[in-house]
Amino acid sequence: MEEKLDYIKLASNKSKGKRPYFHDDPAVERVLNITMALAGELAVARERMDSIERLLEKKNIVTREEIENFVPETPEQEEQRQTWHSEYISRVLRIVQQEMEEMENPDKSLEEIANDINEM
Amino acid sequence: MAKNLTPVWNKIAKHAMLPETTHDERARYNFLSNLNKHLAHVAQGNKTAYENRVEPNFKKEHNRSIETKEELQNAISSDSHYQIWSSLRRSTMEMRQQAGRSIVLRQAEELRDKAEKLNKGKSTLVLNPDVKVPEYLMAVDNHIMPGSYHTELIQGDVTPAANYDSGIFVTTAGTIGRYSDGGGKAITTWVRQNYPDFKPKRILDIGCGMGHNVLPIAKAFPDAEIIAIDTGAPMLRYGHARAVDLGYNNVTFMQMDAAKTIFEDESFDWIQSTMFFHETGGKSIYKIMNEVHRLLKPGGLTLHIEQPQYTDDMSLFEKFMRDWDALNNSEPYWSKMHDIDPAELMESSGFRREDFMQIGAKAENDLIEGGNDENEPEDYGRAPIWNVFGAVKN
Ligand SMILES: C[S@@+](CC[C@H](N)C(=O)[O-])C[C@H]1O[C@@H](n2cnc3c(N)ncnc32)[C@H](O)[C@@H]1O
């Protein structure tokens with residue numbers, strides 16, 4: 001068996017070239033990116049809820065109270081829930097990871113790369 | 001539909017190589033294609049901002065109009081609407097990559113195994129590990145796709161292509177069809193209409209990627225031998241497996257650099273490329289076109305689908321907006337390529353000026369929801385509208 005990929009971290013990698021920032025203060029950019037990721041995740045949760053509600057309605061098998069009182073029942077369930085949180089946070093804080101990658105590995109600007117490429 | 005909604009992601013064409021997706025992963029893609037469409041509307045504010053404050057402010061300060069792209073870039077960069085649109089668009093593109101990679105990387109081994117099973121023993125997949133990835137591809141991750149087309153995170157990796165396949169439907173918000181093959185279909189129809197007697201026996205697609213745009217050609221000319229080349233092994237493994245699963249057997253996928261192929265002189269009737277040249281480099285583009293000329297039979301046809309051409313009557317503002325992706329979505333050669341006249345490029349490779357042709361093409365779409373409403377604003381760099389240039393070799 002080869003070692004499994006650290007897919008959570010890899011999925012949020014930055015691409016080559018310095019990242020462009022558009023706001024006067026890069027902090028604004030950072031917060032905006034985190035906020036947009038959160039906006040996305042809220043939409044994802046909303047879509048899932050929509051599926052669940054429609055299925056419950058259709059089959060009429062689970063009550064609201066049962067959902068309200070549910071806690072994980074097995075170690076696997078616990079692990080699945082925590083994995084979800086881990087992936088979730090990595091996704092939302094993508095820009096912070098990428099800024100660290102840039103710090104560790106300072107990159108050329110796209111302008112410089114464009115000029116390099118023009119000679120290739 | 002009045003709201004002109006984007007198609008849900010699960011409308012994408014299914015095949016054995018398409019990565020498995022969870023409910024949330026599909027929902028994330030749905031959010032992103034809606035966001036893409038939304039931002040095409042937000043982009044309209046850039047024109048308003050430019051006309052109402054950026055340009056007037058510049059005039060007040062300098063007593064003249066904005067004259068160069070650099071001046072425009074400087075002036076608009078401090079405009080708050082341009083800033084928020086740009087940062088939202090960049091962010092959306094990064095989220096699209098993150099979403100796609102988180103789907104495919106968690107199942108990298110499974111995808112690799114599926115590809116291996118479909119590809120096993122097939123002579124129509126020819127990989128060559130000695131082929132070097134061109135240095136211009138090593139210099140950047142085009143459209144901010146980390147690792148580009150060639151990086152292999154595991155042996156036999158296909159994840160770059162699986163990411164590309166599942167995500168292009170999101171980036172284009174479904175406007176190029178369920179198989180993302182609207183470009184290949186459009187060019188096939190055009191060739192059949194304009195050259196009804198053309199019976200190509202051997203066709204070459206250069207920079208085929210995962211092969212989605214060469215398959216409509218293969219379908220239209222089932223008796224032709226079709227060769228699709230790319231330097232990225234992951235693209236070829238995935239593209240070949242996808243084609244096999246979709247029932248194609250007349251396309252051979254080969255790992256090869258389009259600038260130095262192993263084919264004989266005058267051995268192809270048709271040489272095609274789709275969204276390829278803007279991801280090459282300033283010197284390679286000439287080498288590749290020379291190779292196209294060398295490989296084409298006399299009387300053979302070559303066509304290249306590209307981003308819309310700049311025209312003289314295009315405003316400085318529109319050119320600037322069309323170039324946004326170059327530096328901000330890591331497509332650095334996209335704007336540099338505008339300095340080259342396609343007619344001159346082809347002429348320098350031996351084609352005759354009078355044989356040069358240039359046509360417009362619009363994606364053929366098999367999705368009702370994917371149709372771009374006349375009233376929808378054009379999303380520069382995403383719109384399913386292209387420029388095609390080419391020539392018949394005489
Ligand atoms: C933007 S993709 C286009 C893929 C496909 N033709 C399509 O219709 O979308 C560009 C592809 O060209 C490949 N490529 C770039 N330079 C190449 C070269 N010199 N020889 C072969 N393939 C090349 C890349 O690996 C990448 O897969």
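How many salt bridges does the rule find across the interface of chain B and chain A? The rule finds 6, a salt bridge being a side-chain nitrogen of Lys or Arg within 4 Å of a carboxyl oxygen of Asp or Glu.

This is a predicted model, in which local features need pLDDT of at least 70, side-chain atom pairs count only at pLDDT 80 or more, and totals for chains, interfaces and linings use all residues. Residues are numbered from 1 along each chain as its sequence is written, chains are lettered from A and ligands numbered from 1 in the order in which they are written, and side-chain values use heavy atoms, with hydrogens and water left out.

**Stop 1: confidence in chain A**

The mean for chain A is 88, and 97% of its residues reach 70 or more. Helices here are DSSP runs of H or I with at least four residues, strands are runs of E with at least two, and both are numbered from the N terminus.

**Stop 2: the interface**

Select the residues of each chain that are in contact with the other (heavy atoms within 4.5 Å). The selection holds 51 residues of chain B and 43 of chain A. The buried area between the two chains is about 4,400 Å², and carbon and sulfur atoms give 57% of that area; buried area is the accessible area (1.4 Å probe) that two parts lose on being put together, summed over both. In chain B, the residues that lose the most area to chain A are B:His23, B:Arg28 and B:Gln98, together 13% of what that side buries.

Next, display the side chains of B:Glu94 and A:Arg94, which form a salt bridge at 3.0 Å, N to O. Helix 4 of chain B gives the most to the side of chain B that touches chain A, with 14 residues. That side divides into 22 nonpolar, 17 polar and 12 charged residues. In this division Ala, Val, Leu, Ile, Met, Phe, Trp, Tyr, Cys and Pro count as nonpolar, Asp, Glu, Lys and Arg as charged, and the others, Gly among them, as polar.

**Stop 3**

Move to the loop between helix 6 and helix 7 (159–171) of chain B, where B:His143 lies. B:His143 is buried, with a relative accessible area of 17%; buried means under 20% relative accessible area, exposed over 50%, and partly exposed in between (1.4 Å probe, protein chains only). Leaving aside neighbours within four places in sequence, B:His143 is in contact with residues including B:Gln97, B:Glu279 and B:Ser330.

Select B:Ser330 next, in the loop between helix 13 and helix 14 of chain B. B:Ser330 is buried at 1% relative accessibility, and its phi is near 45 degrees, a positive value in a residue other than glycine. Most residues other than glycine have a negative phi.

**Stop 4**

Find B:Met275 in the loop between strand 5 (268–274) and helix 11 (284–295) of chain B; B:Met275 is partly exposed, at 26% relative accessible area.

Finish at B:Asp265, in the loop between strand 4 (251–255) and strand 5 of chain B. Leaving aside neighbours within four places in sequence, B:Asp265 is in contact with B:Arg294 and B:Leu295.

How values were computed:
pLDDT is the predictor's confidence in each residue, from 0 to 100.
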